[in-house]
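Please consult the sequence and the three-dimensional structure shown here while reading this briefing.

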Amino acid sequence: MHNEASVISGVIAAARAHFATIICVDDGSADDCAALAREAGAIVVRHPTNLGQGAALETGIRHALRLRDIEYVVTFDADGQHDVRDAASMVRMAQDLDLQVVLGSRFLEPTGTVPAHRRAVLRAAVRFTRSTTGLDVTDAHNGLRVLRRDAAERIRLRLHGMSHASEILNVIARESFSYGEHPVTVTYTSYSQAKGQRGYNALNILYDLALHRLRAAA
């Protein structure tokens, strides 16, 4: 979470109706969302400065894995876009089908909720991901995902910005994790859209991925 004081209490309250353990990574916020998250019942881990969503997820995943009773890690945005009922259904899918990863998808079922400009960027990201990883996915940058413990232990995020979503998919392909997609609803409010990715960030993501691959090959 980054400056989510206006929504975080409600997001955590909804999540606690389905999940016993909630971990919020405060990524250098300037507001009081950390205190509000604790009051709402979450474990709060703080970054002293803003490092980016990928870094926040890496911190959250590592912290969750320190808790021995955690069997699945669910990544979930703090801005209220995701529906916790989707997250609970995705965990059940992982359990029922014995999957290591379940990815949320906005495009498995027809929906008119995705703004047109964002839909175009997301479709381009899907084509890029399919061509570079071979994964048959329909949504490449959805923040709602379920990682079984053995998969979470093998995912180490090195890209600290928004490129982490593509990095996770690269790891799924490289490690041959068993995976599936689950339809989800993303609620786009004026608040969430103001905090979300801009179209030009797609270029930044491609640059980060290319640089990361060059470093890995060096």
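The following briefing treats the sheet, the cysteines and the salt bridges in turn.

This is a predicted model, in which local features need pLDDT of at least 70 and side-chain atom pairs count only at pLDDT 80 or more, while totals for chains, interfaces and linings use all residues. Residues are numbered from 1 along each chain as its sequence is written, and side-chain values use heavy atoms, with hydrogens and water left out. Helices (H or I, at least four residues) and strands (E, at least two residues) are DSSP runs, numbered from the N terminus.

**The sheet and its helix**

- Strands of a sheet pair through backbone hydrogen bonds, in either a parallel or an antiparallel manner.
- Four strands form an open sheet in the order β3-β5-β4-β6, and their pairing is mixed; two strands count as paired if DSSP finds at least two bridges between them.
- The edges are held by β3 (72–75) and β6 (179–183); each has a single partner strand, so one side of each is left without a neighbour in the sheet.
- On average, neighbouring strands of this sheet are turned by 20° against each other, direction ignored. Axes are lines fitted to C-alpha atoms, for helices over the stretch in contact, and angles run from 0 to 180 degrees between N-to-C directions.
- Strand β4 (residues 101–105) pairs with strand β5 (residues 145–148) in the antiparallel sense, over three bridges. The bridge partner of L103 in β5 is R145.
- Helix α4 (residues 84–97) packs on the sheet and touches β3, β4, β5 and β6, where contact means heavy atoms within 4.5 Å. The direction of α4 makes about 150° with that of β6.

**The cysteines**

- A disulfide is a covalent bond between the sulfur atoms of two cysteines.
- Zero disulfides are found in a search of the whole structure, the criterion being a pair of cysteine sulfur atoms within 2.5 Å.
- For C24, the closest cysteine sulfur is that of C33, at 8.2 Å, which is too far for a bond. C33 is likewise in no disulfide.
- C24 counts as buried, at 8% relative accessibility, and C33 is buried with a relative accessible area of 0%. Buried means under 20% relative accessible area, exposed over 50%, and partly exposed in between (1.4 Å probe, protein chains only).

**The salt bridges**

- The whole structure contains 11 salt bridges, each defined as a side-chain nitrogen of Lys or Arg within 4 Å of a carboxyl oxygen of Asp or Glu.
- D98 forms a salt bridge with R148, and their closest N and O atoms are 2.7 Å apart. D98 lies in the loop between α4 and β4, whereas R148 lies in strand β5, so the pair ties together parts that are 50 residues apart in sequence.
- Within this pair, D98 is exposed at 53% relative accessibility, whereas R148 is buried at 18%.
- E175 forms a salt bridge with R154, with the closest N and O atoms 2.7 Å apart. Because E175 belongs to helix α7 (residues 164–175) and R154 to helix α6 (residues 149–154), the pair ties together parts that are 21 residues apart in sequence.
- E175 is partly exposed at 27% relative accessibility, and R154 is partly exposed at 38%.
- R130 forms a salt bridge with D136, the closest N and O atoms being 3.6 Å apart. R130 is partly exposed at 39%, while D136 is exposed at 55%.
- A network of salt bridges links E58, R62 and R156.
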